Amino acid sequence: MTWAGLQLFAFGLALSGGSGLLAATLLPNWKVRVDGGSSIITAVVQLQGLWMDCTCYSTGMFSCGLKSSLLALPAPVQAARAAMVLACLLWALGVCTATVGMACTRLGGDPRTKGHAAFTGGVCFVAAGLSGLVPAVWYTQDIIADFVDHTVPAGHKQEPGGALYVGFVSGTLLLAAGLVFCASCARASPQAWLRPAAAQPDGGEAGISGYSRKDYV
């Protein structure tokens, strides 16, 4: 497969990863806690997200509420919000620059400029993937720590939600796409990165009129 095909494949991975990041940012099921209650009739599933919390009752009722107070949120939630928003912005910037640097597009002009654009897009994708993986790792570590802690009551223990899995997969896809774009910068010879020197005309012993000196002997 040529580098143009690999770039196109990596761009598809980046689009999928960015869509997953947006979904993981908005989904309310980062943490899931099931409260069985005294019977199956009173079972409740509580979902905690970055922007809202939802409650699902066994009767089929489903209610959600936004986290209205920013200052009242715990520091890990605020940091996770900032990291996910930053990841989405970096992904959007990477999409714009990678589009210019792709070999299958007519944007960017000369190969040197397109190579720089592809490298910049790859760096943005890698940074977006890392920024999206960090909150997922934080939440997973916090959930596991509470789950193995015997001082935490069984009714208060939580489990990883679907948003965490989406975040892990999306971050991995963006990392892979970014590495491909960064590696594609070396697809051509170094002349694509170094501006070739202008060729100097060599007149030699020939004069302006095109006659050699030996013609005058």
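How many disulfides does the structure hold? The structure holds 1 disulfide, the term being used for a pair of cysteine sulfur atoms within 2.5 Å. The model is predicted, so local features are reported at pLDDT of at least 70 and side-chain atom pairs at pLDDT 80 or more, while totals for chains, interfaces and linings use all residues. Residues are numbered from 1 along each chain as its sequence is written, and side-chain values use heavy atoms, with hydrogens and water left out.

The disulfide links Cys54 with Cys64, with an S to S distance of 2.0 Å. Cys54 belongs to strand S3 (residues 52-57) and Cys64 to strand S4 (residues 62-66), so the bond ties together parts that are 10 residues apart in sequence. Helices (H or I, at least four residues) and strands (E, at least two) are DSSP runs, numbered from the N terminus. The torsion about the S-S bond is about 110°, which makes the disulfide of Cys54 and Cys64 right-handed. Cys54 is buried at 2% relative accessible area, whereas Cys64 is partly exposed at 45%; buried means under 20%, exposed over 50% and partly exposed in between, with a 1.4 Å probe and protein chains only. What of Cys56? Its sulfur lies 9.2 Å from the closest cysteine sulfur, that of Cys64, and this is too far for a bond. Cys56 is partly exposed, at 28%, and Cys88 is buried, at 15%.

Strands S3 and S4 also take their place in an open sheet of 5 strands, ordered S4-S3-S2-S1-S5 with antiparallel pairing; two strands pair if DSSP finds at least two bridges between them. S4 and strand S5 (159-160) are the edges, each with a single partner strand, so one side of each has no neighbour in the sheet. Strand S1 (residues 31-35) is joined to S5 by 2 bridges, and Lys31 has Pro160 as its bridge partner in S5.

Helix H2 (75-101) and helix H3 (111-148) each supply at least two lining residues, and H3 gives the most, with 3.
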